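Hello,

Here is the structure I promised to pass on to you. Have a look at it first, and my notes follow below.

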Amino acid sequence: MARELIKGNEAVIKGAILAGCRAYFGYPITPASEIAHAAAQYLPLVGGTFIQGESEVASIQMVYGAASAGLRAMTASSGPGISLKQEGISYLAGSELPCVIIDIMRGGPGLGNIAPEQGDYHQVVKGGGHGNYKTMVLAPNSAQEMCDLTMLAFDLADKYRNPVIVLADGFIGQMMEPVEFPQARTVEVDKPWAVKGTRETRKNLITSIYLSPEELEEHVRKLARKYAEVERNEQRYEAYRTDGAEVVTIGYGIVSRILHTVVDRARKEGIKIGLLRPITLWPFPKKKIEELTKQVRAFLVVEMSTGQMVDDVKLAVKERKPVHFYGRTGGMVPSVDEIWEKVKAIIG
Amino acid sequence: MSGKILKKADAFYDVYERKPGADKLTTHYCPGCGHGTLHKIIAEAIDDFGIKDRTIIISPVGCSVFAYYYFDCGNVQSAHGRAPAVATGLKRANPESIVISYQGDGDIAAIGGNNILQAANRGENITVIFVNNAIYGMTGGQMAPTTLLGQKTMTTPRGRNPHNEGYPLRLSELLSTLESPVYIERVALTDAKNVLKARKAVRKAIKCQIENKGFSMVEALSPCPSGWRATPVEARKWIEEKMMPYFKLGVYKDNTKGKEPYIPPKEEFTTSEIEKIIGIAATKGKEEVRIEPPAARYRNPAIKIAGFGGQGVLLLGEALAEGGMRAGYHVTWLPSYGPEMRGGTANCQVIISDDPIGSPLVSAPDVLIAMNRPSLDRFEPDVKKGGLIIFNSSLIDRRPQRADVEVIAIPATEIADNLGNTRVANMVVLGSYIAKTGILTKEAVISTFPIFIKRRDLIPLNEEAVQKGIDWVEG
């Protein structure tokens with residue numbers, strides 16, 4: 001098995017190209033810039049387009065244009081840039097355009113810092129733009145998944161005609177790990193709705209405006225039906241040593257890697273804890289959490305935030321079991337020892 | 001009068017099915033509005049050039065938000081001000097398409113000011129039709145960037161005051177200072193003579209795009225009788241008397257003759273070519289070098305490497321991680337990142353493990369490699385009992401205080417200087433680490449160099465540096 005040692009951020013672009021992405025529009029920001037660097041390096045070489053947009057606002061609208069034309073297109077940024085892209089994300093969702101957006105989270109609010117954090121959960125998972133829409137959100141926890149989930153993101157985006165966001169933290173973006181790249185795909189997704197400047201697509205219209213209340217409500221209902229289908233079909237997670245676990249820890253991204261180590265340590269000492277790692281943050285793996293609720297004494301949610309995903313866990317648990325929370329922010333990463341203490345306190 | 005003259009342009013739908021309400025034959029524009037005239041000019045140009053199938057019109061926010069009711073061509077609706085960015089994406093995706101961005105004054109010169117400036121400056125091969133009526137029509141008559149001094153609007157109830165709102169913005173003049181745009185003209189939709197000039201300008205702008213020459217824009221001073229609270233006749237007169245003295249008509253830029261057409265290359269690649277281009281084909285099928293495992297106490301090391309920027313700390317870690325991967329181990333490499341790398345201190349954390357790696361963070365290292373004094377001071381207390389500290393004794397004037405760890409003092413900078421390049425001190429240290437622990441062989445390490453060392457001629461020197469480190473430990 002031959003592998004390449006590569007940063008998660010670069011694996012994103014190689015994965016995107018393998019998945020048939022041929023357009024990248026973005027604006028530089030730490031700690032996501034390597035994604036733009038790799039896109040600038042490789043996309044023009046494979047017959048694709050790379051443009052450093054004048055702003056985050058413009059970059060996402062260029063994605064809107066390229067997606068309207070039926071191309072697999074993407075952009076990437078970090079929290080402050082994602083805030084600016086929310087205008088475009090709302091339009092993309094409203095116009096049912098597929099695209100992939102990568103968010104490599106840093107510390108906030110405001111300028112915050114460039115250290116890893118998970119404070120973008122609410123603005124990404126709950127939809128930071130205006131209106132009734134949802135974006136699918138995938139949360140990789142390794143360089144391999146930065147490649148794999150980016151590829152999956154393009155497929156899901158096309159399948160549901162909806163933006164998909166890959167949400168990672170600064171460490172997952174910056175970390176180098178071995179990645180085994182899959183083979184390149186010839187992607188021929190039929191997009192009869194696209195506007196390509198051809199006779200076949202001349203009658204098409206890409207829009208999110210529905211002036212009459214009846215029509216807009218019908219459109220929003222149609223979107224809602226689509227989102228319900230996504231919730232039914234696309235909940236993804238990794239359950240690690242949850243068998244017989246009395247306490248299940250829940251974390252995504254870099255935190256899930258730390259929890260993995262905590263679980264191994266506990267199991268070695270005969271303490272029955274497990275890890276549930278959501279891979280899709282929306283749709284949130286509610287079904288699995290509901291199932292675990294019957295088995296566990298308590299849940300422990302760990303995030304690099306003051307508590308955002310924990311809200312979704314509580315909604316799934318419905319107060320049937322205690323949901324504990326431990327969070328660090330500002331670029332402080334919860335250590336194995338800190339979490340270990342928390343686990344012992346819960347186990348009693 | 002022949003029937004032909006009365007016929008709608010072919011680029012218009014015969015019946016406006018997308019338009020709500022019972023009347024599907026007339027537009028939603030007010031009597032005397034300039035949009036209708038401009039739409040007709042564009043539609044006729046599309047007909048005459050025979051580009052209906054290729055054309056995509058971007059409807060903006062404003063009264064022309066519903067341009068797609070009328071044009072029988074590809075239609076994309078965009079966010080306020082963003083049409084030039086959307087046009088960029090559409091055109092780059094399909095360079096054969098003819099992309100027309102239709103925008104009002106608030107859209108193009110206020111909220112989308114930077115978008116038009118940058119699209120023009122990139123020389124996007126698109127055509128922009130800019131409708132300047134000195135007011136926000138659809139949102140109810142507020143001030144536009146092009147509102148004239150003294151002009152009363154809903155948001156300048158006492159008239160536009162230069163001390164509060166500045167002066168009307170002349171976009172054609174502004175964009176014509178840029179190098180890239182090929183053709184920019186301002187016209188006015190007033191009398192027959194000026195409408196004829198507008199017709200000529202629009203055709204020239206679209207032709208410019210068809211011929212792949214680059215960015216073109218036509219600014220049309222356009223009547224808004226409703227917004228100006230005037231009759232259609234008064235509105236036309238107002239353009240002539242008030243707007244035209246400030247917004248002078250004319251050609252602001254015309255490089256259509258001198259400009260060479262540029263057609264972006266259209267390339268397609270096979271999947272195996274793509275794998276080769278992005279450098280993943282080379283990694284397929286490469287044999288791994290299994291080496292003897294090190295002594296138990298040196299197995300599965302969590303390593304912290306620290307020094308100041310420029311000492312090659314990150315590279316030392318990369319060589320270890322890459323070598324470890326090739327030897328069949330699980331590895332992670334995690335850097336300190338961002339501006340702190342540029343000039344300040346740098347560190348990275350490497351784990352080489354028999355088993356899959358959970359947390360890649362190294363808070364209590366088994367091995368500390370300290371390239372300078374601040375690194376030793378900062379991380380020495382964290383090293384695990386029974387661990388290993390390797391320090392660069394050329395730059396660190398003290399020994400570690402810990403008595404419960406192994407220590408290697410190596411004058412790495414001095415050894416590197418003697419080799420003629422102070423920058424290979426990192427490789428000297430790397431040599432000492434692999435010699436001490438047996439975690440990797442020299443061959444495993446130097447096999448990684450072609451990946452990290454861009455200048456091929458420096459590879460032998462780096463190999464020599466690794467050997468010097470090995471010699472130091474093995475005596």
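**Where chains A and B meet**

Ile206(A) stands opposite Val76(B), a residue of β2(B). Strand β10 of chain A (residues 205–206) and β2(B) run parallel and are joined by two bridges; strands count as paired if DSSP finds at least two bridges between them. Helices (H or I, at least four residues) and strands (E, at least two) are DSSP runs, numbered from the N terminus.

A word on the model: it is predicted, so local features need pLDDT of at least 70 and side-chain atom pairs count only at pLDDT 80 or more, while totals for chains, interfaces and linings use all residues. Residues are numbered from 1 along each chain as its sequence is written, and chains are lettered from A and ligands numbered from 1 in the order in which they are written.

The contact takes 67 residues from chain A and 59 residues from chain B, with residues in contact if their C-beta atoms, placed from the backbone, lie within 7 Å. On the chain B side, α3(B) gives the largest share, eight residues.

Away from that, I looked at helix α2 of chain B (residues 34–49). Its buried residues include Leu38(B), Ile42(B) and Ile46(B); buried means that 20 or more other C-beta atoms, placed from the backbone, lie within 10 Å of a residue's own. The buried residues of α2(B) pack against β1, β3, β4, α8 and β6 of chain B. Just after the helix, Gly50(B) takes a positive phi of about 65°.

Enjoy exploring!

Key. Two residues are in contact if their C-beta atoms, placed from the backbone, lie within 7 Å. A residue is buried if 20 or more other C-beta atoms lie within 10 Å of its own, exposed if 12 or fewer, and partly exposed in between; C-beta atoms are placed from the backbone.
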